[in-house]
Amino acid sequence: MVASPRPGSPFGRPSSTASRTKVEEELYEFAGIDYDKVTIKRNPSVPVLYEEALTYEAGTVLSSKGALCAYSGKKMGRSPKDKRIVREETSDKDIWWGPVNTPLDEKVFLINRERAIDYLNTRPRLYVFDGFAGWDPKYRKKIRVVASRAYHLLFMRNMLIRPTEEELENFGTPDFTIFNAGEFPANRYTTGMTSTTSVSVNFKRGEMVILGTEYAGEMKKGIFTVMHYLMPKAGVLSLHSSANEGKDGDVSLFFGLSGTGKTTLSADPNRLLIGDDEHCWSDNGVFNIEGGCYAKCIDLSGEKEPDIYNAIQFGAILENVVLDEDNREVDYSDDFLTENTRASYPIYHISTAKIPCVGGHPKNIILLTCDAFGVLPPVAKLTPDQVMYHFISGYTTKVPGTEDGIVEPQATFSACFGAPFLVLHPQRYASMLADKMSKHKANAWLINTGWIGGKAGVAKRCPLKYTRAILDAIHNGELSNAEFENYDVFNLQVPKKVTNVPDEMLDPRKVWMGTKEEFDVSLNKVANMFIDNFKTYEDEAAPATLAAGPKL
């Protein structure tokens, strides 16, 4: 009796005369991936992907908690300046062309596509994952990922919705395919390329090609870009938001840029998590686009964020973290490689996850900002017009230490709290949001998770326990019945009291560490930033939206 080859052994590789799977035939027919040259593994299990990554990918190790620690090479964040969308006749008139969506010629896309596939054909093994984007079966899209790194496939296995055996058997032709050849550079002399990195999306072909970056987040946000195009065309609002649900079925949406607490605050032990980053709002309610979470883990602790901390177990990926060489314990405070350390895990690792990840129509819309100038209140109730103004503005701040060269707080405005992923004009998304909020009578709130009492470096950030107390007051109805006072310049309605929050914390003036004149200068400075930023949208915005901004 001949012994069977061990898992992962080269003796297990099928010969060229072996019967071919449907996926192998499709990849050969539509992409030219030669199954006689490479071993193709479709939807491998988590243990198999662990074994493959640990065997073949240098530097990959296990953490003491069982997570796979992977490293993305030189690129440890997204490369938005290298993102391109193919300019072609089926989508040309819909796309919001400009700094966010840079056009790419179809022929150049095909050159990059061939370069990627030629590289993939040189690899001894390729990994394929077929899964879904969108938990609502009516709107979900079939996504295929083709990659040469097991780390990349495990990442997308976490982030997409995993099919059942029956769904996989009947998967059919994917709606969108990612060819990830990120280990191989783009030719920077090719027309339209600005570096050796290229992330390009072709809506007509239903394809995305990645060259010159091994950062896994490019795939996640690439699919989000695709959904930002496809969903509004189907009458569904796509949103860069997290979502959770209370015991009575009340849903809250959280909008916010990186560092504002969108992932942290949606992971509430008293509420079910629908999702932490990408959602859609249809006529049936909200649904998560993803099957997993991608959380920042710099300074992560079990005390502050137990749900996320405990989710990092077998099956999770830790990206670009530093860990002890002997006991493999992760030092979450160590930013030696990058401040953008990340954890990817399937949503079922969160004990309070709601699966399927769908909910009713939102009762509360929460816009998160991290104001490093210390002048925005911790919470304010917004009018419908103010929601549109602040949604289109998408304000937060970068603080010293987060990026090279930043020595003072810098304002950042990102339309719809996700400009890098928008495909249509921001007003399209804002109008859809306004219509849905009006129809379903949702309340809206602005929450500042940033600095109170002074700017970054002088004061401290609003303690997480106070932000959570504010959210509790929103969810239990306390703030709906609160007494408010006007906060001038921004004309915000600020509550006079919130349970478990010191009264003086609710008004930045009362806890300001400097003089009244210094506060007014800082407040007016931030207001002017809003006014200057919104000039970009004046031509498209409704008069009532324009009037909802700050008044000096």
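This is a predicted model: local features need pLDDT of at least 70, side-chain atom pairs count only at pLDDT 80 or more; totals for chains, interfaces and linings use all residues.
User: Start with T369. Where does T369 lie?

Analyst: T369 belongs to strand β20, which covers residues 362-369.

User: Is T369 buried or exposed?

Analyst: Compare the relative accessible area with the cut-off. Buried means under 20%. T369 has 2%, so T369 is buried.

User: What does the side chain of T369 meet at 2.7 Å?

Analyst: A polar atom of that side chain lies 2.7 Å from the backbone oxygen of Y395.

User: Now the rings. How many aromatic pairs are there?

Analyst: The count comes to 21 aromatic pairs. One of them is Y139 with F287, a stacked pair. Centre to centre, the rings are 6.1 Å apart, with 0° between the planes.

User: Where do Y139 and F287 sit in the chain?

Analyst: The pair links distant parts, 148 residues apart. Y139 is in the loop between β6 (125-133) and β7 (141-147). F287 is in strand β15, residues 285-288. Next, check accessibility. Y139 is buried, at 11%. F287 also counts as buried, at 1%.

User: Why is the pair of F391 and F417 called tilted?

Analyst: Read the angle between the planes. Under 30 degrees is stacked, over 60 is edge-to-face, and the rest are tilted. The planes of F391 and F417 stand at 45°, so this pair is tilted. Their ring centres are 6.4 Å apart.

User: Which parts does that pair tie together?

Analyst: F391 lies in helix α9 (residues 384-393). F417 lies in the loop between β23 (410-413) and α10 (426-440). The pair therefore ties together parts 26 residues apart in sequence. Both F391 and F417 are buried.

User: Which residues do ring pairs link into a cluster?

Analyst: Follow the pairs from ring to ring. They link Y389, Y395, F413, F490, F530, F534 and Y537.

User: Last, which charges sit over rings?

Analyst: Check the distance to the ring centre. R87 lies over the face of W97, 4.5 Å from the ring centre. The charged end of K142 sits over the ring of F171, at 6.0 Å from its centre.

Terms used: Residues are numbered from 1 along each chain as its sequence is written. Side-chain values use heavy atoms; hydrogens and water are left out. Helices (H or I, at least four residues) and strands (E, at least two) are DSSP runs, numbered from the N terminus. Buried means under 20% relative accessible area, exposed over 50%, partly exposed in between (1.4 Å probe, protein chains only). A polar contact is a pair of N or O atoms within 3.5 Å; within protein, one must be able to donate a hydrogen and the other to accept it, and residues adjacent in sequence count only if both atoms are side-chain atoms. Rings of Phe, Tyr and Trp (its six-membered ring) pair if their centres lie within 6.5 Å; planes under 30 degrees apart count as stacked, over 60 as edge-to-face and the rest as tilted. A charge sits over a ring if NZ of Lys or CZ of Arg is within 6 Å of the ring centre and within 35 degrees of the ring normal.
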